[in-house]
Structures are given as C-alpha cells and as structure tokens.
Amino acid sequence: MSQLRDLIGVAWAGLKARKVRTLLIMLGPVIGVAAMVSAVGLTESAKGALQSQLAQLGTNLIIAQAGGTFGTQNPTFPVNAVQRVENVSTVTGAAATTNLSGVISLPIQGASSYYQAFPVPVRAADDNLPAVLQVPLLDGRWLNPSDSQLHQRSVVLGSGIARQYGYLPGEVRTILLNNTNFGVVGVLGPVALDPDLDNAAFVTQWAAKHILGTNGEPNELYIRAVPGTTQATTNAIPTAINLGGPDQVSTKIPSDVLQAAAQANKTLQQVALLAGLLALTVGGIGIANVMSISVIQRSAEIGIRRAVGHSRSKIGAQFLLESLFVGVLGGILGAVIGIGVVFAVSKLAGWVVVISYGDIPIWMGLALFVSVAAGLYPSIKAARLEPLETLRLG
Amino acid sequence: MSEAAFETPPYGGPPVNNHSLLELEMVSRVYGEEVEVYALRDVSLQIFPGDFMSIVGPSGSGKSTMLGLLGVLDLPTSGTIRIAGQDVSALDDPTRSKLRGDSIGFVFQQFHLIPHLTALGNVETALLYRDLRTKERHERAYDALDRLGLAERAHHRPVQMSGGEQQRVALARAIVTNPLVILADEPTGALDSVNAANVLEIFRRLESPERAVVMVTHDATVAGTARRQVTMRDGRIVADERRVEVAQ
C-alpha cells in the first residue's frame, strides 16, 4: 500500500513539475469530454422542450383532407364524414371544417382591395373543434349549438387574425363576411399542430350553409385517436370515409413533424458525439507524442531512479500513472465545463436543463481509457531505457 | 558488516562462501553483434568491507564498463557478478533493482540530481518503494543531509545550489540507504579544487570497516587518497595494489 502511495507521489510530482505541459496534454480529454457532455446535454434539453410541447399537444391528432382526381376543384367529404370516422373504434373524437373559399372577410368596410389580394381563410367549423384540438380559447367563447339554433351570425377568430384585425380582448366587434356583419364571440388559442388555423376565421356550419351559401360538405377532419393507436387509426380512416376509394383521402399526423425535429436533434447529438470522440482520439495522440518526448527529455531522471533501485516496472508504472492522472483530471474538468455549457445555453434558450449524469462517468471513463492507452507506449519505452545509456559514466 | 550477516544473505540464494561484498569472477562484457568489441575481458575482482579503492586507467580501458557492472546497471556477457554472495545474473529485474538499491550507493561526476525535486526530495528518491512511512522517510533523508552539512538547504532545488553542494546532496542520496558499497564515478570531476577537496574529505569520512568505497577516476590526487588502487588497461586489470601505511 505504501508502495502505491510512493508511486502516486512520484507521478503527481512529475506532472506538477511541468504544469504547462500537463495542461496542454490535458486539453484533449478536456475538450473531448466537454464536447460529449454538452452535446448530449444540449440536445436532450432541446428535445426536452420539444417533448414537453408534444406531451401537451398529444401525438394522437390526425388530420384528414379530402382529395380528388387531378383537376377536381374543392374536393369535399360526405356530409356525414364525422359520423363515419367516429365508427372507427379507436377514434375518441372528430370535428370537421369546411374551407369557404369564396367568402371574403373584412375587418372594416373599405378594406376590400387589400383583403381581396390577401384573403383571410374562412372556415365553417363543428362545435367541438377546440375540444378535439385540445386548444383553449384566448378570449370569449367558441361557436355553440345555440348559435345555429338561434341563427346567430357569430364568428371566432384565429389568434393570428385577431392580432391582424387589432381585436382587443372583450371588445364588442363585428367583421364583414361577404358584406354581412358577424359578431366576434371569441379568439381561438394558437394551434401548434396546425398553425393554418391561427390565420382563419370560423363560423358555424349553419351560417356557412344558410348565410354564406355553401353546401355544408366538409373538406378537412380533425380526429383524436386512442393514444398508442394513432398510426393504425390513420390507416383505417380512408376506408371508413370511403368516398370513391381510399386514395380520395389524405391523412397526416402533425406531431410527426415535431417528432422529426426531435429525431433531427438526435442526429445532431450523434454528430457532436462523434466530434467529441475525434477530439479524444486526437488528444490521445497528443498525449502519446508529448509523453514519448517527455521520456527522452527525462531519460537522465529514469537512469537515476534505476540507479537508486527503482525497477523497470516501477518506472513504467510511474509514466502510466501520469497518463492516468491526465485522463482523470481532464475528464473531471471536461465534465464540469460541459455541464456549465449546458446550463448556460439552456438558460439563454429558456430550456429546462436536462443532463444525463449517468452518462458522464462513461465519457470520463473513455477519456481515461484513451489517456492510459496513449501512455502505454511511452511507459514501456521508459521502462526499457538502459540506465547506462542515460547516465553517461566515465 | 558482520560475518553472520553474510551467511544469511537477505535475498535468498546460495550461502555465501567468502567475505567479499562485491565480486567479479571471470567477467567479460562484449558490445556489438556483427563485430564484437571486448570492453572487459575475463576480469576477476573482489571488493571487501573496509576497502577504500580507486580504479584508474586511460580512456577506453574499461573503467566505466566495470563501474556499470559493479553497480548492477549492466550485466556481463559472460562470468559471474556477486553482491554479498548473490549471483545477480540469476535475479529478475525487480529483485536485482532492490538488491542494487539496498547494496549500492552511486555518486556521479555530473551529480545527476532530479531538477524538479528539492535536495530532500532527491535524497528521498533512494528511499521510495521500501514500505517506509512518509515521516520516517523524511527523517532519514533529512539526517543524511544534516550529516553532510546541508540541513539548511534541504528545501532548495539543485539549480539553487553550488556544484559542491549538489555533489554533497548526491552523496547524501548514496549513503541514506546505508549501502554495502559506494560507487563513485569521477566524484570531483565537475568541481573546483576547494569543493573537490571537501568532497574527498567526505569520502574519507565515509570509510568504514563494514562498507567499501570505490572511486573510478582519472585524477591522480583522487586515486592517491585510496588505500587500494586497481589499474586497468585494454579491458583487463593490470595491477591491484594496496598502499601500506607505515606507523609514525
């Protein structure tokens, strides 16, 4: 035990005596571990933000759009498409919207030239659309059955349009749809899974049919599936709607885009990890180089130690231990720097910090392995030096 | 060193059959493979307790090779080297290294101190890997420095000391293990006359009936202080003379 203590003391003194050299060879493990810790930490933190958004929005929303053969204008679903979709056992809710392409929406009289050039989409929507979207209202209320029953001309604005129209919360306001006044009853919150809805104005199916003159056939369905069955449900929907063949229905799962973003982060993480590994490898080559030169520079010291009775294995162990210290210290310093980078960047980006503390010992172990492996050849070289060649007797 | 101690060598092996501390028996050292060069040829030499000996000879006579072999820094091509009766060729490196550390104290012409260590640290180097507690190691190293008048320089580095002081640190490192033999290679070669005289005086003080002091030198003054003088030429011992001191 005391021999090990002596060995540690000798190796530590060797590193301490050449501080700049020690710091320089430590850069490899430091950069390598810092790169890997921050790569994993930053991508996980970013993914964490995406995942919390996904958890909030759900990954079980399906959007079905009516398609048609080439050249078909404004393809639509059958009027009872929602009922047909709700027959799929894994569907928990569905709401339809209809694009009212011929309707011009104006915030005020006299703004028609601008809004004819840049029309605001107007959609007829079911009463349960916010519930299916799981999006709350920013202001007021959503369209309800009494609007239809009482023949109310009610409109709900998407959050983007509300901003564009300068709508103030609680304001009593009317807008013009095909020159008919509609009262604004609410503002729908931002729909992260389908931002198109933020730029639309919504009216009841009754108003669409009886005031704005459409046939009431929907062309877009928003469907919620039982969690875990989203893909299977998506596959079943075209058949359930069954209008002239499944190819007349196109479906998409909007959360796939966010998941693809998370996946892209994973790729970025792999690239950064690779860069960290590269830094470690280059650092290892640096350690091997510097330690080899150091053995030559310290050949007299090696000769002296051999002369006073240190064995070849002790000399080899001394140099190997110096490499091991470089790996341990470089790993610790790299981990601290990596964690610091994750905290700093996450704070700036407003992410919740996610650090895989369980992975850090792996990166540090890798740095240690690379350092020791790099120190192996110089250590053997040191152990094999003949003392007579280094002491220059006579 | 007592006779009893020789009969029970500390490293095992065959029992000792003579009283020599260090013995070379028909030792040859050949360098080169295609063309063989004999640095030493069939040399036999016994070094006894109490010997105060110089090895002299012109350059190329084999003095340095002899020193390397006597210090077990090298092994012979043929022949036997024994330390306290132990054949060193038969030992593995860790055992041979321990035997060297315990039995031989080296003093070199260029001092050969480790530059990043203090005087104390340099002396302690000889006491490492001996299962000593740190405190005991410090004390023994400090005592050795104190005996050579360097207690106040214990925490100085070699670069902060004169040549004479550095050589005394090297001497302290050589004696701290209380070796059987002190081997010195031109110990005054890098010193001015005053420091050389001081160092020689220390060597005289190191004379002991239990220990041998062997100095390899070109210097006639240094050689003249020894009571036994071995002369070498062309890899052979050509004279082995003892100086007889006549009582006044």
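Predicted model: local features only at pLDDT ≥ 70, side-chain atom pairs only at ≥ 80, totals over all residues.

Biologist: What makes helix α12 of chain A roughly antiparallel to helix α13 of chain A?

Modeller: Helix α12 (residues 312-349) and helix α13 (residues 360-384) of chain A pack at an angle of about 155 degrees, with their axes 7 Å apart. Angles over 145 degrees count as roughly antiparallel, and that makes α12(A) roughly antiparallel to α13(A). The crossing in which α12(A) passes α13(A) is right-handed.

Biologist: Which classes of residue make up the contact of α12(A) with α13(A)?

Modeller: The residues of that contact of α12(A) with α13(A) divide into 20 nonpolar, ten polar and two charged.

Biologist: Turning to the two chains, how many residues does the contact take from chain A and from chain B?

Modeller: Chain A gives 24 residues to the contact and chain B gives 30 residues. On the side of chain A that touches chain B, at least two residues each come from α1 (2-16), α11 (299-307), α12 and α14 (387-391) of chain A. The most is given by α11(A), with six residues. Sorted by class, this side of chain A has eleven nonpolar, seven polar and six charged residues.

Biologist: Why is B:V72 called buried?

Modeller: A residue is buried if 20 or more other C-beta atoms lie within 10 Å of its own, and B:V72, with 25 other C-beta atoms within 10 Å, is therefore buried. B:V72 is found in the loop between α2 (63-70) and β4 of chain B, and has a positive phi of about 55 degrees although it is not a glycine.

Biologist: Why is B:N178 called partly exposed?

Modeller: The term lies between exposed, at 12 or fewer other C-beta atoms, and buried, at 20 or more. B:N178 is called partly exposed because it has 13 other C-beta atoms within 10 Å. B:N178 sits in the loop between α6 (163-175) and β7 of chain B, and B:N178 also has a positive phi of about 55 degrees without being a glycine.

Biologist: Which residues are buried in helix α3 of chain B, and what covers them?

Modeller: In helix α3 (residues 93-103) of chain B, the buried residues are B:R96, B:S97, B:L99, B:R100, B:G101 and B:S103. Their cover includes β4 (78-83), β5 (86-87), β6 (104-107) and β7 (181-185) of chain B.

Methods:
Residues numbered from 1 in each chain as written. Chains lettered and ligands numbered in written order. Helix = DSSP H or I, 4+ residues; strand = E, 2+ residues; numbered from the N terminus. Contact = placed C-beta atoms within 7 Å. Axes fitted to C-alpha atoms, helices over the stretch in contact; angles between N-to-C directions. Parallel < 35°, antiparallel > 145°, perpendicular 65-115°, else oblique. Left-handed = near helix turned anticlockwise from the far one by under 90°. Nonpolar A, V, L, I, M, F, W, Y, C, P; charged D, E, K, R; others polar.
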